[in-house]
Amino acid sequence: MITYWNNPRCSKSRAGLALLQERGAEVQIRLYLQDPPSLEEIKQVQSALGVSAVAMMRSSDARFKELGLSKDSPEAKLQTAMAAHPALIERPIAISGSRAAIGRPTEAIEALL
């Protein structure tokens with residue numbers, strides 16, 4: 001089972017979901033803007049991705065700057081910002097057990113199949 005943090009308004013999210021479905025993957029869709037992940041979930045997914053918090057964020061989003069965040073902000077501050085403002089989370093993210101992938105490029109999620 002792959003949990004898929006999806007924003008259906010995003011073309012990359014739609015493309016990643018289509019790829020998973022074409023490959024016959026069992027997918028549980030999570031509309032993360034409507035059902036935001038908790039701080040603990042963000043930390044778990046970050047660990048599964050094996051990246052820094054800023055690497056799983058939309059740092060070009062206007063809210064990132066409005067909140068006074070930067071690439072040098074402490075991890076805890078960035079994680080808390082994602083929990084409070086899920087639109088800051090890069091999309092899409094596919095999660096399978098202890099592994100995860102950001103679907104940029106879309107093909108990156110194939111590693112979970």
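Student: Which residues is M56 in contact with, leaving aside its neighbours within four places in sequence?
Tutor: M56 is in contact with I42, V45, Q46, L49, V51, M82, L88, I89, E90, I93 and I102. Contact means heavy atoms within 4.5 Å. This is a predicted model, in which local features need pLDDT of at least 70 and side-chain atom pairs count only at pLDDT 80 or more, while totals for chains, interfaces and linings use all residues. Residues are numbered from 1 along each chain as its sequence is written, and side-chain values use heavy atoms, with hydrogens and water left out.

Student: How many residues does the largest nonpolar core have, and which have the most contacts inside it?
Tutor: The largest nonpolar core has 21 residues, and M56, M82 and I93 have the most contacts inside it. Such a core is a set of buried Ala, Val, Leu, Ile, Met, Phe, Trp, Tyr and Cys residues joined through side-chain atoms within 4.5 Å. Buried means under 20% relative accessible area, exposed over 50%, and partly exposed in between, with a 1.4 Å probe and protein chains only.

Student: Which elements supply at least two residues of this core each?
Tutor: α2 (39–49), α4, β3 and β4 each do. The largest share, four residues, comes from α2. Helices (H or I, at least four residues) and strands (E, at least two) are DSSP runs, numbered from the N terminus.

Student: What lies apart from this core?
Tutor: Another core, of nine residues, including I2, Y4, L19 and L20.

Student: Back to α2. Which of its residues are buried?
Tutor: I42, V45, Q46, A48 and L49 are buried in α2. They cover an arc of only 160° around the axis, which puts them on the same side of α2. The arc is that of the directions from the helix axis to the C-beta atoms. The buried residues of α2 pack against β1, α4, β3 and β4.

Student: What about α4, which residues are buried there?
Tutor: In α4 the buried residues are L78, Q79, A81 and M82. They fall within an arc of 160° seen down the axis, so they line one face of the helix. They pack against α2 and α3 (62–66).

Student: Is G50 buried or exposed?
Tutor: G50 is exposed, with a relative accessible area of 64%. G50 is in the loop between α2 and α3, and just after α2 takes a positive phi of about 70°.

Student: Now the strands. Which way do β1 and β2 run, parallel or antiparallel?
Tutor: Strands β1 (residues 2–5) and β2 (residues 27–30) run parallel and are joined by four bridges. Two strands pair if DSSP finds at least two bridges between them. W5 has R30 as its bridge partner in β2. With helix α1 (residues 11–22), β1 and β2 make a right-handed β-α-β unit. Right-handed means that, with the strands pointing away from the viewer, the path from the first strand over the helix to the second runs clockwise.

Student: What does W5 stand opposite in β3?
Tutor: W5 stands opposite I93. β1 and β3 run antiparallel, joined by three bridges.

Student: How many bridges join β3 to β4?
Tutor: Four bridges join β3 to β4, and these strands run antiparallel. A94 stands opposite A101 in β4. β3 and β4 form a hairpin with two residues between them, and G97 in the turn has a positive phi of about 60°.

Student: Where do the residues of β3 point?
Tutor: I93 and I95 point one way from β3, A94 and S96 the other way, and all are buried. In a regular strand the side chains alternate between the two faces of the sheet.

Student: And α1, which of its residues are buried?
Tutor: S13, G16, L17, L19 and L20 are the buried residues of α1. They cover an arc of only 155° around the axis, which puts them on the same side of α1. What covers them includes β1 and β2.

Student: What does T106 touch, not counting residues up to four places away in sequence?
Tutor: T106 touches K12, A15, G16 and L19. T106 is in the segment after β4 and counts as buried at 9% relative accessibility.

Student: Last topic, is the peptide bond from R104 to P105 cis or trans?
Tutor: The bond from R104 to P105 is cis, with omega near 5°. The bond from R91 to P92 is cis, with omega near -10°. P92 is in the loop between α4 (75–84) and β3 (93–96), and P105 is in the segment after β4 (99–102).
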